[in-house]
Amino acid sequence: MSAEPLTVAVVASLIREIVLPNAAAPSTIGAPTIEEETHTKEALDVPWQVVVHNDPVNLMSYVTMVFQRVFGYPRDKAEKHMLEVHHKGRSILWSGMREPAELYVQQLHGYLLLATIEKVS
Amino acid sequence: MEIRRRKNQIEISELDPFLAELLRQIPVCTKTEGAPAAEQRIFSPPINGKDTELCAEWKMYVEPELRRLFETATQTVGADLEQLNGNEKSLSNRTLRIPTKHADAWLSALNQARLVIATKNNFTELELNDHLRSPIGSRRDLSLFQVNFYGFLQEFILREMD
């Protein structure tokens, strides 16, 4: 079996068949709409982080429990963050969009922890 | 004083009049009126720096919610503490039973009281960690003892909730 020689005409014909199967029929498809990608203000604001600051009054066991409850962290991870707060003065507990970050801070304030949101620099 | 878990209650028995009085003071100690530093600590800002818009919104919408949350906890504790009322001058020991479903309210009220007392007295970290401090000899010593006693109760409640 011999293959048809690959000429410009053959290639053009193949392209027409593949890309424009109904090229012979009049086209009713309008020019494609090019949508401009947009970002919401919130998306542009990402990321923010939730920071918990050291406080000599709050008990270590209490702070650990709060991290477990608010962030759903397992005990060892919660303890790691608690110790970071204790030794380094602060720990980043979560990062992401601003709105949930504010909600986390609100919950942490409900437990009387010193917490703030910060924009990741 | 003895403290133990009994089914759905935390029982503090053999409470002498002095410790009973410290417990009765919990709701009063959570008050921040006239103490701007304590108020600032309980309702701390959500952001460092100058995001005045967020701080203003926080004051308007979040703080009232937090205030309600703290007051509800304090009221629950106040109601439990009524067990210690009556026959105020009696020197006999008392028993206080805290339903375990009130544990969160107790943790909150004890924490509020500890923070307010510590802020009002401007206790340093060194003082707060000095568990070998000499017996009570001044109002400041008494306040420090109060902070530590409330902390001890918090620890016990936390252990029982674990």
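Trainee: Where is the place of Ile98(B)?

Mentor: Ile98(B) sits in strand S3 of chain B. A strand here is a DSSP run of E with at least two residues, a helix is a run of H or I with at least four, and both are numbered from the N terminus. Before we go on: this is a predicted model, where local features need pLDDT of at least 70, side-chain atom pairs count only at pLDDT 80 or more, and totals for chains, interfaces and linings use all residues. Residues are numbered from 1 along each chain as its sequence is written, while chains are lettered from A and ligands numbered from 1 in the order in which they are written.

Trainee: Why is Ile98(B) called buried?

Mentor: A residue is buried if 20 or more other C-beta atoms, placed from the backbone, lie within 10 Å of its own, exposed if 12 or fewer, and partly exposed in between. Ile98(B) has 23 other C-beta atoms within 10 Å, so it counts as buried.

Trainee: What makes two residues a contact, and which ones does Ile98(B) have beyond its neighbours within four places in sequence?

Mentor: Their C-beta atoms, placed from the backbone, must lie within 7 Å. With those neighbours left aside, Ile98(B) is in contact with Gln9(B), Ile10(B), Asp80(B) and Trp106(B). As for Ile12(B), 86 residues apart from Ile98(B) along the chain, the two C-alpha atoms are separated by 8.2 Å.

Trainee: How do you know that S2(B) and S3(B) pair?

Mentor: Two strands pair if DSSP finds at least two bridges between them. Strand S2 (residues 9–15) of chain B and S3(B) have five bridges, so they pair, and they do so in the antiparallel sense. Glu11(B), for example, stands opposite Arg97(B) in S3(B).

Trainee: What makes S1 and S3 of chain B edge strands?

Mentor: The open sheet has three strands in the order S1-S2-S3 (chain B), with antiparallel pairing. Strand S1 (2–6) and strand S3 (94–99) each pair on one side only, and these are the edge strands.

Trainee: How many residues of chain A are in contact with chain B, and which element gives the most?

Mentor: On chain A, 17 residues are in contact with 20 residues of chain B. Helix H3 (60–71), helix H5 (98–110) and strand S3 (115–119) of chain A each supply at least two residues to that side. H5(A) gives the most, with five residues.

Trainee: And what is the secondary structure of chain A?

Mentor: Chain A has five helices and three strands, running α-α-β-α-α-β-α-β from the N terminus on.
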